[in-house]
Amino acid sequence: MEFVAEATIRTQFGKGAAREIRRSGQIPAVLYGQGTSRLIQLDPKAIQNILVAQAGSTGLISLTIDGDEQAPQRTAVIQDVQRDPLAGSILHVDLLEVSMDKPVRVKVPVHITGGVPIGVKRDQGVVNQPMRELHIECLPNVIPDQIDVDASALGINQGIHIRDLQAGEGIKILDDPDGMVVNVTVPISEEKLSAMLTSEAAPATEAPEPERAADASAAPANPSDSPK
């Protein structure tokens with residue numbers, strides 16, 4: 001999927017300049033690629049819309065840069081997003097310029113398909129998804145929106161590893177082949193859960209008392225140190 005965004009060249013950098021850019025309703029960003037980096041600013045709503053639509057950094061962005069006389073039209077992907085830890089608002093974005101004939105490395109979400117696994121329907125197992133994103137390498141025009149993983153046939157204590165996946169032609173998964181993507185495990189019993197909670201609630205052993213500091217009320221060794 002391809003998106004459209006507009007940016008403006010910025011000449012100032014640093015925390016103070018970044019705050020001023022955010023006050024103006026824009027966000028600071030850096031466009032990396034071709035051995036260079038370009039300081040830009042853009043509309044946070046455009047980036048938010050891309051993130052919501054893609055649930056990751058897989059969407060190609062047709063980026064128009066106002067003030068860039070050399071190459072005002074670029075193609076890029078989102079490489080990193082910094083957010084305010086409390087408000088969740090976007091603070092800064094890193095973009096990576098891509099060439100349509102050169103492979104790029106991006107993260108794509110994992111989408112579990114096939115409905116409820118057999119081990120859950122038949123044996124009341126529990127589905128776990130340790131990996132929700134995969135790192136892949138491919139040409140920009142074949143970047144998938146997501147990688148589908150059919151877990152419907154999984155029974156108790158069965159799982160799907162990265163080595164079991166078929167990502168698609170021209171797509172290379174870079175993560176550890178032994179990594180577990182999704183599995184079905186035995187449900188925890190009420191007795192075991194109760195024992196775990198009891199163990200966690202047990203009081204910790206009393207720590208040894210730290211060394212006491214010298215008595216502040218003691219008279220100083222040197223009379224000249226006494227307060228006047």
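Trainee: Is Glu133 buried, partly exposed or exposed?

Mentor: This is a predicted model, where local features need pLDDT of at least 70, side-chain atom pairs count only at pLDDT 80 or more, and totals for chains, interfaces and linings use all residues. Residues are numbered from 1 along each chain as its sequence is written, and side-chain values use heavy atoms, leaving out hydrogens and water. Buried means under 20% relative accessible area, exposed over 50%, partly exposed in between (1.4 Å probe, protein chains only). Glu133 has a relative accessible area of 34%, so the class is partly exposed.

Trainee: Which residue forms a salt bridge with Glu133?

Mentor: A salt bridge puts a side-chain nitrogen of Lys or Arg within 4 Å of a carboxyl oxygen of Asp or Glu. Here the closest N and O atoms are 3.9 Å apart, and the partner is Lys107.

Trainee: How many residues apart are Glu133 and Lys107?

Mentor: Strands are DSSP runs (E, at least two residues) and helices are too (H or I, at least four), numbered from the N terminus. Glu133 and Lys107 form a salt bridge. Glu133 sits in strand β9 (residues 133–138) and Lys107 in strand β7 (residues 104–113), a separation of 26 residues.

Trainee: What separates Glu20 and Arg23 in helix α1?

Mentor: Glu20 and Arg23 form a salt bridge, with closest N and O atoms 2.6 Å apart. They are 3 residues apart in helix α1 (residues 15–23), so the separation is about one helical turn.

Trainee: How many salt bridges are there in the whole structure?

Mentor: Asp178 and Arg163 supply one, at 2.6 Å from N to O. A search of the whole structure gives a total of 6.
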